[in-house]
Amino acid sequence: GVADSKIYESIEVLDKRGMRLIEAQDTRGFQAYLAETGNTICGRHPIGVLLNALDHASSKFGLHFTKYAQSGAVTSRGGSSVSYA
């Protein structure tokens, strides 16, 4: 239906929320995001390790995503896609 037609946009909003937390190096925020959303991010555990390491680093490092894409535009509740960042 019409409400389903833009599911892929909702997925992007959800993904980019997580990406912003990673870029901000917000370890606790990222953990809370995962718990709240249940977003199945492949690499979430290594990302957590990286964020924790950066929390304890003596130097500051910047993180920035350079590209985002989805494997397909989901337009129905039964659809699925993979997001790449």
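Because the model is predicted, local features need pLDDT of at least 70 and side-chain atom pairs count only at pLDDT 80 or more, whereas totals for chains, interfaces and linings use all residues. Residues are numbered from 1 along each chain as its sequence is written, and side-chain values use heavy atoms, with hydrogens and water left out.

Helices (H or I, at least four residues) and strands (E, at least two) are taken as DSSP runs numbered from the N terminus. Helix α1 has 17 residues and reaches 24 Å from its first C-alpha to its last, close to the 24 Å expected at 1.5 Å a residue, where the expected span is 1.5 Å times one less than the number of residues. The buried residues of α1 are Ile7, Asp15, Gly18, Met19, Leu21 and Ile22, buried meaning under 20% relative accessible area, exposed over 50%, and partly exposed in between (1.4 Å probe, protein chains only). These residues cover an arc of only 160° around the axis, which puts them on the same side of α1, the arc being that of the directions from the helix axis to the C-beta atoms. On the other side of α1, Ser10, Val13 and Arg20 are exposed. The cover over the buried residues of α1 includes α2 (27–37), α3 (44–55) and β2 (83–84). Just after α1, Gln25 takes a positive phi of about 55°.

Asp15, which is placed in helix α1 (residues 7–23), is buried yet has no salt bridge, and the nearest side chain of opposite charge, Lys16, is 8.8 Å away. Here Lys and Arg count as positive and Asp and Glu as negative, while His and the chain ends are not counted; a salt bridge is a side-chain nitrogen of Lys or Arg within 4 Å of a carboxyl oxygen of Asp or Glu. The side chain of Asp15 instead makes a polar contact of 3.3 Å with that of Asn39 and a polar contact of 2.5 Å with that of Tyr68. A polar contact is a pair of N or O atoms within 3.5 Å; within protein, one must be able to donate a hydrogen and the other to accept it, and residues adjacent in sequence count only if both atoms are side-chain atoms. Leaving aside neighbours within four places in sequence, Asp15 is in contact (heavy atoms within 4.5 Å) with Tyr33, Asn39, Tyr68 and Ser83.

Thr27, in helix α2, counts as buried at 8% relative accessibility and touches Leu51, Asn52 and Asp55, residues up to four places away in sequence not being counted.

A search of the whole structure finds 3 salt bridges. One joins the side chains of Lys6 and Glu9 (4.0 Å, N to O). Another joins Glu12 and Lys16 (2.8 Å, N to O), which, being 4 residues apart in helix α1, are separated by about one helical turn. In a further bridge the side chains of Glu36 and Arg17 meet (2.7 Å, N to O). Glu36 lies in helix α2 and Arg17 in helix α1, so the pair ties together parts that are 19 residues apart in sequence. Glu36 is exposed, with a relative accessible area of 55%, whereas Arg17 is partly exposed at 29%.
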